[in-house]
Amino acid sequence: MNDETGEWNNHVELGLWADIMLIAPCTANTLAKMASGMSDNLLLATFMSARCPVIFSPAMDLDMFEHLGVQENIKTLENQGHTYLEPASGSLASGLVGKGRMPEPEELFENISEILYSGKKWAGKKIVISAGPTHEAIDPVRFIGNYSSGKMGYSIATAFAEQGAQVHLISGPTALDTPKGVHIYPVKSAEEMHRLVIAQFADADVAVMTAAVADYRPKTSSNQKIKKEKTDRLHLELVKNPDILNSIGHSKKETQFVVGFALETENELDNAKGKLERKNANMIVLNSVHAANGVFGSDENKVSIVTKKEVFDIPQMKKSKLAFTLCDIIFEKYENHS
Ligand code: C5P
């Protein structure tokens, strides 16, 4: 019974809900109870009802760890199909030095990712995605922006994450929920987006730049709200923003793969090919302005793929479905590039 709401909480709910269960640090006591099928606390009830993969990471003093009873329990749990993570060596709580420490959280995380994503095509790859519009400040309450909803970039982030990638989404202001399993970096301006994309791209495998970055920003932005009583005309001097796709296109290593987007209203194909060349991208996704309902804010999109070797069309479809199609196309081109 839940004390606050008075509602019944199913005692096996957590075990059925989880995608994966990690028990770390797993004490000698819990290990023994798990191996013998005891259920006298919530952790054990959850373990016994879990239908997902279970990883256990024993941590205790070195002599306890060597004890035959503990070693037998580890074998029993492994034989039951659970994944055993060996303890690390080092200083222990007793002051002794030896095997018995819980591995570092980063190592535990890597093991979880490996099990969750094994067999998925983008497992072990880092993808950087830019999405949404940018807001270029005029004063504390006004900005220059555009109509980009961020839907395409967020759908692509979802598709890559579901295919096992480690996704870093650098997003301008949008009204969208963060996709599950994606690292999000909310930004406002093109300059902020530029800094974060450069930092995340250094050790990334693929970058997909979907953001509708403002081409210009006000040269200066006022610290105080600009008062309309002061002047009848307001002149804003605009300066060019950094071209993020261009920066990473020209700094990429041979192994890295860079995808840009293009929206053209005339000479679409020639302009997209020019963009591929100028920005040194591996692939351009050309948005068709002829798609029904337009592009910005719409749930559907019609695109063509442009690489150095080929050009082909993808039929109009929902952005969520298109994201998975693009994810597959990028995989094939990424695997065979350079
Ligand atoms: O030059 P254009 O804006 O048409 O290029 C579009 C592509 O370049 C998109 O992939 C967009 O995300 C990227 N871009 C960028 N930084 C800019 C302008 C565009 O990354 N300042």
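Student: Where in the predicted model is Asn267 placed?
Tutor: This is a predicted model, in which local features need pLDDT of at least 70, side-chain atom pairs count only at pLDDT 80 or more, and totals for chains, interfaces and linings use all residues. Residues are numbered from 1 along each chain as its sequence is written, and side-chain values use heavy atoms, with hydrogens and water left out. Helices (H or I, at least four residues) and strands (E, at least two) are DSSP runs numbered from the N terminus, and in that numbering Asn267 is found in the loop between strand 14 and helix 10.

Student: Is Asn267 buried or exposed?
Tutor: The phi angle of Asn267 is near 40 degrees, a positive value in a residue other than glycine. Buried means under 20% relative accessible area, exposed over 50%, and partly exposed in between (1.4 Å probe, protein chains only). Because its relative accessibility is 56%, Asn267 counts as exposed.

Student: What is the value of phi at Asn280?
Tutor: Asn280 has its place in the loop between helix 10 and strand 15 (283–287), and at 25% relative accessibility Asn280 counts as partly exposed. Its phi is a positive value in a residue other than glycine, near 55 degrees.

Student: How many residues apart in sequence are the parts that Glu264 and Lys275 tie together?
Tutor: A salt bridge is a side-chain nitrogen of Lys or Arg within 4 Å of a carboxyl oxygen of Asp or Glu, and the side chains of Glu264 and Lys275 meet in one at 2.6 Å, N to O. Glu264 lies in the loop between strand 14 (257–263) and helix 10 (268–278), while Lys275 lies in helix 10, so the pair ties together parts whose separation is eleven residues.

Student: Are Glu264 and Lys275 buried or exposed?
Tutor: Side chains of opposite charge can pair when their charged atoms come close. For the pair Glu264 and Lys275, both residues are buried.

Student: How many residues apart are Asp328 and Lys121?
Tutor: The side chains of Asp328 and Lys121 meet in a salt bridge (2.9 Å, N to O). This pair links distant parts of the chain, with Lys121 in the loop between helix 6 and strand 6 (126–131) and Asp328 in helix 11 (residues 319–335), and the two are 207 residues apart.

Student: How many salt bridges does the count come to?
Tutor: Besides the pairs above, Glu310, Glu332 and Lys333 are linked in a network of salt bridges. By the rule already given, the count of salt bridges comes to 13.
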